[in-house]
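These entries record what I looked up in the structure shown below.

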Amino acid sequence: MSETLDGQGGCDCRKTRYRLTERPLFVHACHCRWCQRESGSAFALNAMIESDRLQLLGEAPELVSTPSASGAGQMIARCPQCKVALYSHYAGAGPLLSFVRVGTLDQPDLLPPDIHIFTQSKQPWLQLPAGALVMPRYYRRDEHWPAVSLARYELLKPQLEAQRARRTNSS
């Protein structure tokens, strides 16, 4: 992990803690209505990282199955005591990718969004910063991710494809 980023975080009661062992692949500010409802705010801020680079410290979180806008559901990792949501696994990548709630980091201000997505449903009173990367819906990774993140994702692709095939075969 970079010296400039303290990659530790956790819940309010501090029983469930984690450490990012590398910088995230990419940070999304998602403005879809689903994320607004789930976060209780104008958007969700998630740092996407390979799950093997998310080191659990302290008490393990409980995984709670919840619906998602895609219809495929998601697993939300919550502290078993205070119930704070720490990260999610979405159905597309399953447990291979974690979408860490940036607000649960000890230093969340060090991970601003790389991109704002689903801004077609963003709250009209929210002004995005000048120069921010803004997408009305989703985006193409190869057009926006840095080369180092694309290379890391390529290494994960065979496992992601196997995960998707297992999900398709079990449907």
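I looked up His89 and found it buried, with a relative accessible area of 11%; buried means under 20% relative accessible area, exposed over 50%, and partly exposed in between (1.4 Å probe, protein chains only). I note that this is a predicted model, in which local features need pLDDT of at least 70, side-chain atom pairs count only at pLDDT 80 or more, and totals for chains, interfaces and linings use all residues. Residues are numbered from 1 along each chain as its sequence is written, and side-chain values use heavy atoms, with hydrogens and water left out.

I placed His89 in strand E8 (residues 85-90); strands (E, at least two residues) and helices (H or I, at least four) are DSSP runs, numbered from the N terminus. The His89 side chain reaches the backbone oxygen of Leu97 at 2.9 Å.

I then turned to the largest nonpolar core, which has 19 residues, with Leu97 and Leu160 among those with the most contacts inside it. Such a core is a set of buried Ala, Val, Leu, Ile, Met, Phe, Trp, Tyr and Cys residues joined through side-chain atoms within 4.5 Å. Helix H3 gives the largest share of this core, three residues. Apart from it lies another core, of 16 residues, including Ala77 and Val100.

Lastly, I checked backbone angles. Arg14, in the loop between strand E1 (8-10) and strand E2 (16-20), has a positive phi of about 70° although it is not a glycine. Arg14 is exposed, at 53% relative accessible area.

Definitions and conventions. A polar contact is a pair of N or O atoms within 3.5 Å; within protein, one must be able to donate a hydrogen and the other to accept it, and residues adjacent in sequence count only if both atoms are side-chain atoms.
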